[in-house]
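My entries follow in the order in which I made them.

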Amino acid sequence: MSFTIQDMMLTAENRYEMKFLAGKNGWSNSISWVHLLEDTTIIQNFWGKELAVTTGLGFPEKEDWMHLAQQLNRYHASGLVINVGQYIYEVPEELKAYCDENDLPLLTVPWEVHLSCLLYTSDAADDKA
């Protein structure tokens, strides 16, 4: 059995205030690995089923977000998590629509959640979040 977007949401929704914004038909996508990325360079090395996590630093314009989503879809990523509140405050509606149309799960966590905490599932991680 594999770990899916749904499994991640069940664990992270309350603990890390994770929100599911779009791509609901990708709810059962398997996650094989997690990549923190701030540009699209590494995506060409995706094998498929990788979860991309970003602060948004490298994606200042709406077009950058669209390019990111298109690349993630092209390389069969399992989803995209955006750490909102520092570099991005509002997720573009066009990005949400693209993710819905392409079954690419789009999720957010607030800036106050340390991204490293997302990797932990122990109770100790709760103390850090």
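**Entry: a helix pair.** I began with helix α2 (residues 62–74) and α3, which pack at an angle of about 15 degrees with their axes 9 Å apart. The axes are lines fitted to C-alpha atoms, for helices over the stretch in contact, and angles run from 0 to 180 degrees between N-to-C directions. I noted α2 and α3 as roughly parallel to each other, since angles under 35 degrees count as roughly parallel, over 145 as roughly antiparallel, 65 to 115 as roughly perpendicular and the rest as oblique. The helices and strands that I name are DSSP runs, helices being H or I with at least four residues and strands E with at least two, numbered from the N terminus.

I then looked at the handedness, and α2 passes α3 in a right-handed crossing; a crossing is right-handed if the near helix is turned clockwise from the far one by less than a right angle, and left-handed if anticlockwise. Listing the contacts (heavy atoms within 4.5 Å), I found that K62, W65, M66, A69, Q70 and N73 in α2 meet E94, L95 and Y98 in α3. The residues of this contact divide into five nonpolar, two polar and two charged, where Ala, Val, Leu, Ile, Met, Phe, Trp, Tyr, Cys and Pro count as nonpolar, Asp, Glu, Lys and Arg as charged, and the others, Gly among them, as polar.

**Entry: confidence.** I recorded that this is a predicted model, in which local features need pLDDT of at least 70 and side-chain atom pairs count only at pLDDT 80 or more, while totals for chains, interfaces and linings use all residues. Residues are numbered from 1 along each chain as its sequence is written, and side-chain values use heavy atoms, with hydrogens and water left out.

The mean pLDDT (the predictor's confidence in each residue, from 0 to 100) of the protein is 90, and 91% of its residues reach 70 or more. Confidence is lowest in helix α4 (residues 123–128), at a mean of 43, and highest in helix α3 (residues 93–101), at 98. Over residues 121–129 pLDDT stays under 50, and for this stretch the model has 13 contacts beyond four places in sequence. I kept in mind that where pLDDT is low, the predicted coordinates should not be read in detail.

Entry: Is L72 buried or exposed? L72, found in helix α2, is buried, with a relative accessible area of 0%; buried means under 20% relative accessible area, exposed over 50%, and partly exposed in between (1.4 Å probe, protein chains only). Not counting residues up to four places away in sequence, L72 touches I43, F46, A52, A77, L80 and L104.

L72 and D39 are 33 residues apart in sequence and 11 Å apart in space, C-alpha to C-alpha. D39 is found in the loop between β2 (33–36) and β3 (50–54) and is partly exposed, with a relative accessible area of 39%. I also checked D39 against N102, 63 residues apart along the chain, and their C-alpha atoms are separated by 21 Å.

Entry: K96 and L21 are 75 residues apart in sequence and 6.9 Å apart in space, C-alpha to C-alpha, and beyond four places in sequence K96 touches L21, A22, V91 and L106.

Y87 lies in the loop between β4 (79–84) and α3, and at 41% relative accessibility I put Y87 down as partly exposed. What does Y87 touch, not counting residues up to four places away in sequence? Y87 touches T55, G56, L57 and W111.

**Entry: positive phi.** Most residues other than glycine have a negative phi. I therefore set down E17, which has a positive phi of about 55 degrees although it is not a glycine, lies in the loop between α1 and β1 (19–22), and counts as partly exposed at 48% relative accessibility. Phi of D103 is near 55 degrees, again positive in a residue other than glycine; D103 lies in the loop between α3 and β5 (106–110) and counts as partly exposed at 34% relative accessibility.
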